Amino acid sequence: MNALLSRSAGHGRAAPPVRLVHLGLGNFFRAHQCWYTDHAPDAADWGYAAFSGRGGGGLPTRLTAQDGLYTLVTRGAAGDTFEVVNSLARAHDADDHQAWLTYFGSPRLSVVTLTVTEAGYLRGPDGGLDAGRPEVQADLAALRADLSAVVRTAPARLVAGLVARRSAGAGPVALVPCDNVPGNGAIVDRVVRDMAHLLDPALTDWLDDSLTVVTTAVDRITPRPTPDESGRVRQATGFDDDCPVVTEPFREWVLSGRFPAGRPGWQDAGATFTDDVTPYERRKLWLLNGAHSLLAYAGSIRGHTSVSQAVGDATCRQWLEQWWQAASRQLDQREADLAAYRHALLDRFANPRMHHQLAQIGADGSQKLPIRILPVLRAERAAGRMPTGATLVLAAWICCLRGLGAPVSDVHAQSVVPLADGPLRDAARRVLHDLDPALGEDAEVVATVWQQCQELAGGATT
Ligand code: CS2
């Protein structure tokens with residue numbers, strides 16, 4: 001008979017002591033930060049307590065039933081490898097706020113990592129915390145009444161934890177955002193300080209002394225697992241695992257910043273520590289994520305459902321090369337290094353065993369395109385060029401908003417879908433204007449996007 005993963009049955013090792021907290025317990029965290037921690041030479045000293053974000057979907061309960069253990073399936077083009085990851089000591093629901101506060105109040109806690117998505121930071125147009133939002137107001141009111149009240153937004157949860165830490169005299173701590181957005185450290189620093197200031201301006205001095213915020217670039221393609229994954233794990237390992245994670249062999253973690261209370265030896269597990277993550281971050285966001293978005297929209301319009309299918313289509317490949325040419329012109333690395341990176345990306349994308357769904361990548365274009373595509377488009381326009389590889393991504397997104405290709409799933413669907421409605425040229429101008437007013441006013445960009453929308457719609461297979 002098969003057995004559910006459990007530490008007492010000898011699967012995995014003893015749970016390491018909790019010295020790390022994570023907010024945003026999901027597949028990426030388990031394939032990335034947990035994996036690096038488990039592969040550090042001092043892994044036995046560093047355990048994670050992870051909390052689900054909004055809508056945890058029962059994952060903490062399933063993980064707790066397995067003592068925090070889970071199988072990481074590393075899916076190469078030639079086959080799978082299976083390993084039980086040991087670093088997750090405790091898994092908690094988002095609402096388990098007392099546990100959150102208790103960890104923050106412990107001097108053993110050294111590092112808090114985060115994957116809450118860009119939308120989770122609740123930023124307003126000036127980049128700071130959008131204090132006018134009802135959920136921010138609700139959390140502030142709750143904290144003003146009771147500092148240990150249950151709060152729901154990421155900034156409020158962090159500030160509540162930091163207040164508990166200050167009260168307990170538990171010492172300094174590092175926050176390590178691992179969201180796929182440029183300058184994630186500065187973003188978190190700003191919203192945490194904004195929230196803290198609104199709650200109690202006197203917190204600022206303590207934050208100056210006791211909080212460091214690290215900036216990171218993260219990479220590991222981790223598709224949503226399919227329901228048959230547990231069956232494959234059982235067959236290969238003999239374990240019952242209710243929540244395995246599937247990921248690719250490649251991984252990258254680049255970090256910049258200070259860890260005043262220590263950290264695991266992540267560098268010995270392959271993480272890179274540097275003074276400036278910007279070159280890594282841009283290369284990844286533009287060449288990998290920009291290409292992903294291109295394939296998600298243009299590839300789905302051509303009838304494909306997965307990245308590997310789309311990248312096997314000569315037309316998509318041609319568009320991909322056009323995008324990469326434009327993006328590479330704006331990157332500082334040596335051309336040979338960029339060529340090698342693109343070559344490796346093609347192998348990663350073409351992995352036929354990954355089944356990375358275009359619909360998953362196409363979600364939240366309103367959040368992703370401004371950081372993946374627009375910096376390149378703006379820089380190319382400023383240099384007097386028309387980067388058709390960049391405009392095509394926007395054209396394909398507009399077509400999807402109009403009902404072709406990948407279904408729309410976007411935090412801002414309510415405002416953005418109506419913009420894409422009506423006569424095509426006006427729709428294109430409105431969507432571009434909403435992304436960046438200067439783009440909506442650039443007649444050549446509007447004309448190019450309009451033309452590309454027509455071509456895409458003409459060749460659509462769905
Ligand atoms: C993808 C990313 O869903 C998406 O938007 O582009 O999740 C991508 O797979 C990761 O950034 C890879 O590290």
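The centres of domain 1 and domain 2, taken over C-alpha atoms, are separated by 30 Å. This is a predicted model, in which local features need pLDDT of at least 70 and side-chain atom pairs count only at pLDDT 80 or more, while totals for chains, interfaces and linings use all residues. Residues are numbered from 1 along each chain as its sequence is written.

**View A. Contact between domain 1 and domain 2.** The chain is divided into domain 1 (3-276) and domain 2 (279-458), with bounds that come from an automatic or database domain assignment. In domain 1, 17 residues are in contact with 19 residues of domain 2 (contact: C-beta atoms, placed from the backbone, within 7 Å). The side of domain 1 that touches domain 2 has nine nonpolar, two polar and six charged residues (nonpolar: Ala, Val, Leu, Ile, Met, Phe, Trp, Tyr, Cys and Pro; charged: Asp, Glu, Lys and Arg; polar: the others, Gly among them).

**View B. The shell around the ligand.** Asn180, Asp219, Arg220, Ile221, Asn289, His292, Gln360, Ile361 and Lys368 are the residues around the ligand (C-beta atom, placed from the backbone, within 6 Å of it). By class, this shell has two nonpolar, four polar and three charged residues. Helix H10 (278-301) and helix H14 (358-362) each supply at least two of the shell residues (helices: DSSP runs of H or I, at least four residues; strands: runs of E, at least two; both numbered from the N terminus). Because domain 1 and domain 2 both give residues to the shell, the ligand shell lies between them.

**View C. Ser293 in helix H10.** Ser293 is found in helix H10. Ser293 is buried, with 23 other C-beta atoms within 10 Å (buried: 20 or more such atoms, placed from the backbone; exposed: 12 or fewer; partly exposed: in between). Leaving aside neighbours within four places in sequence, Ser293 is in contact with Ile361, Gly365, Lys368, Leu369, Arg372, Ile373 and Val393. Of these contacts, Ile361 and Lys368 are also among the residues around the ligand.

**View D. The buried face of helix H4.** In helix H4 (residues 97-104), the buried residues are Trp100, Leu101, Tyr103 and Phe104. Seen down the axis of H4, these residues fall within an arc of 160°, so they line one face of the helix (arc: that of the directions from the helix axis to the C-beta atoms). The buried residues of H4 pack against strand E2 (18-23), strand E3 (47-51) and helix H6 (154-168).

Conventions. Contact = placed C-beta atoms within 7 Å.
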